[in-house]
Amino acid sequence: SMVLDGKYDFLDGEISANTCDHVRRAFDVFKKKTAIPFHGFLSVPRNPRESLFGYYLNELKNLIAGFEEHFNIKIDDEKMREAIRTANEIRTRLIAVNKMRLEDRPKLSGAESLAVHIAAQVLPPAVFTDLADRLIEKLKDRPGLESPRGRLVLVGAELDEPKYVEAIESQGALVVADLLCFGARSVLDPVDPDTTDPLAAVARAYFFRPSCARMIGDFPNRWTTLTQLVDTARADGVVFERLIFCDPWGGEIHNIMLRLKKEAAFPLLSLEREYGIVPTGQVKTRVQAFVEKLEIARAQKAASGGPE
Amino acid sequence: MNRYDVINMPEWREIFQNLPVLRHFFTGDPDSHGIIELTRGISIYLEKMLHHVDSGHPFVWFNLGFNPELIFALGDVCPITIESLGVMHNLLGDIDTSLDFIDSAEAAGLPADCCSADKIGVGAMQRGLFPPPACTIGINTPCDAQVAATQVMAEISQVPFFAIDVPYYHNDETVRHVAMQLKELVAFLEEHTGRRMNYDRLRETCKLSNTTTETLWEWLEWRKQVPLTQSSKLAAMTLIIQILFTGTQEGVDIAKGLLREARERTERGERFFEERVRAVWYQDPMWTDIQMYDWFERELGLTVPVDIFGFYANEGLIDTATPETMLYGLARKMVACHPMARQFRGDMDMYIRDFMHLVEGWNADCCIFAGHIACKHAWGGIGLFREALRRADIPLLVFEFDMFDPRITPYDDIYFEVERFVNEIVLPRKQRG
């Protein structure tokens, strides 16, 4: 609707990808209904295997060629290396922030962390790194947060509303780690800028990273990543959130529930949401019940002599 | 596992019991070559499946965006489309069974807003209704619901899984990219089925596939005739043929049956009703009750000469000269011709362009967008589609329903919408000339 109201016409360009059906159709609308002069597109392969990597790399090269032609610029290896170094600066700050969340008393809440991750995506890099440095410095002295009712891992797709995470955390449990598209899952390890082919290095880092559910055939890896994170974060449970109408993550929650029947790896709460609306009451009620369940389970374990 | 293990499952027993009854019923009209061949083809398909079960042959599951020629070419390997049993229940059996599939898929966590085509596949797999596979194949077309279903398929089956990536673009590079993956797929299938690809057999399979395709093209030409003399409900048969029968003699026979019927009825000038309005049904058919099309014809004089499931683009046949040309041709079939995959995997331009081709070629008066509610890539483009039809001055009916779940929109509501559209919009326009 913002497109149709002309709110994006100030842009010089936009780039879309075949991440999902919705984004493909949004791209159709962007192309036909805006005055944006440049439209780029990435057809990202649907399975992260080596034989498809070349296609992805070629897509990036085509996109670069499009930029160069339209904007009359040149993107060479040196510029690519510089961009990698800049992105690495962002990555190291986010890695530091995520590490602080894993402490026994996390230095920041899940909502705060998500806000930081979103800021990393939207702010100019130099502004972000400056603010992040100041934040990290302040966080060192911040007393850690209590999570009296439990530690949670939040997993799911697109979520750019810290208020949603606030609603989850309002019930006394903290989101100490996440695998969200705009959250910790988006944070790569620093990429080596000094390779002979910096574009390929960046492409490889993105293509083979912990994937979104739009990647077919990669659920086993996503499951391993999730269970390892639950372990690392010493989490008591997992909250899964999905935007209604998101099919790939719809398949994902089915598969997570199926695995849990076999492995009982962690308690799970599955939430559905609509974009732009935070149904605080509903979320609080569901999370409250879930957190109570976690507390009861911990108490029962303690009573039976097991670790809490 | 043996055939009786399959037949004794209630969900299969119903199909095996109903199919002979329906075959007998349809032979009551000996000129209904299309339906007669289709029911015969399904009988053969099921018998082959049971033979494979008895013989302990490997099975390969896949989703409906894939065409099974490569699997047939391996010899005694049985392809299973995971949506097939639910579709058979809609066409031949009790739709309550496919509703049970939907409900159990949702109960297992697949969200209600996912496509019911995938829910019927997931529900059938959950119940262990298909012989266990040696491996599975998932293709990302036509849509994200298939992306979800293929991953559920991989997880439920816990056997090696091969993903085929079909890019966004309509160009030769896309076809070559998919052909490259089909070559990888051959090695994968050989490894996990224990069978060797026989390229001579593939050649014969592709020749049958070509014959089927050419026959379907010819059949579709006959459906351009005004008035339409062959039943509207047969319009969607192309997709069923391409998913279940392509590369087999049954596929050829069904296509020839459809063609023969269309030609004979047209040449005889048979008319059982007065055709008043011709519509391109440009979305999913009403699988839960395809007799609805009979009602449209009799009560409204509304015919559907072609729909999106029936149209098969002429992008070329499979060149059977070499293994590489065959893989290329098979790739092109799946990405450039396969209904829905062709129209929806890229931008809306292809969808709109194909519609304009259909409305002109098949002499249609209007478009019915029967909006399957979970079809996001269709609904996502409805604004652009609507605008295009407005510019072209083509009347458009848009309504919501679910192609496998009649609980979403009652039949009465659909009747009402279509009747009003035909009588109050299309006919007055036609009469005004």
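How far is the sulfur of B:Cys366 from the closest cysteine sulfur, and in which residue is that sulfur? The model is predicted. In it, the closest sulfur belongs to B:Cys367 and lies 7.4 Å away. A disulfide needs two cysteine sulfurs within 2.5 Å, so this pair is too far for a bond. B:Cys366 is also buried, with a relative accessible area of 0%.

The search of the whole structure gives 0 disulfides over all chains. B:Cys206 is in none; its nearest cysteine sulfur, in B:Cys337, is 13 Å away. B:Cys206 is buried too, at a relative accessible area of 0%.

**Cores.** The largest nonpolar core holds 125 residues. B:Phe385 and B:Val418 have the most contacts inside it. Helix α3 of chain B (residues 33–55) gives the largest share of this core, 9 residues. Beyond its neighbours within four places in sequence, B:Phe385 is in contact with residues including B:Tyr282, B:Met348, B:Cys367 and B:Leu396. Another core, of 33 residues, lies apart; B:Val77 and B:Ala331 are among its members.

**Cavities.** There are 9 cavities of 30 Å³ or more.

The largest cavity has about 380 Å³ of space. Its lining has 32 residues, with B:Leu64, B:Ala117, B:Leu239, B:Phe309 and B:Phe404 nearest the centre.

The second largest cavity has about 110 Å³. Among the residues closest to its centre are A:Arg222, A:Trp249 and A:Glu252. Helix α8(A) supplies the largest share of this lining, 5 residues.

Terms used. Residues are numbered from 1 along each chain as its sequence is written. Chains are lettered from A and ligands numbered from 1 in the order in which they are written. This is a predicted model: local features need pLDDT of at least 70, side-chain atom pairs count only at pLDDT 80 or more; totals for chains, interfaces and linings use all residues. Side-chain values use heavy atoms; hydrogens and water are left out. Buried means under 20% relative accessible area, exposed over 50%, partly exposed in between (1.4 Å probe, protein chains only). A nonpolar core is a set of buried Ala, Val, Leu, Ile, Met, Phe, Trp, Tyr and Cys residues joined through side-chain atoms within 4.5 Å. Helices (H or I, at least four residues) and strands (E, at least two) are DSSP runs, numbered from the N terminus. Contact means heavy atoms within 4.5 Å. On a 1 Å grid over the protein atoms alone, a cavity is a set of points where a 1.4 Å probe fits but cannot get out, and a pocket is an open set with protein on both sides within 12 Å along at least five of seven lines; lining residues have an atom within 4 Å of a point. Grid points are joined across faces, edges and corners, and a volume is the space filled by probe spheres set on the points.
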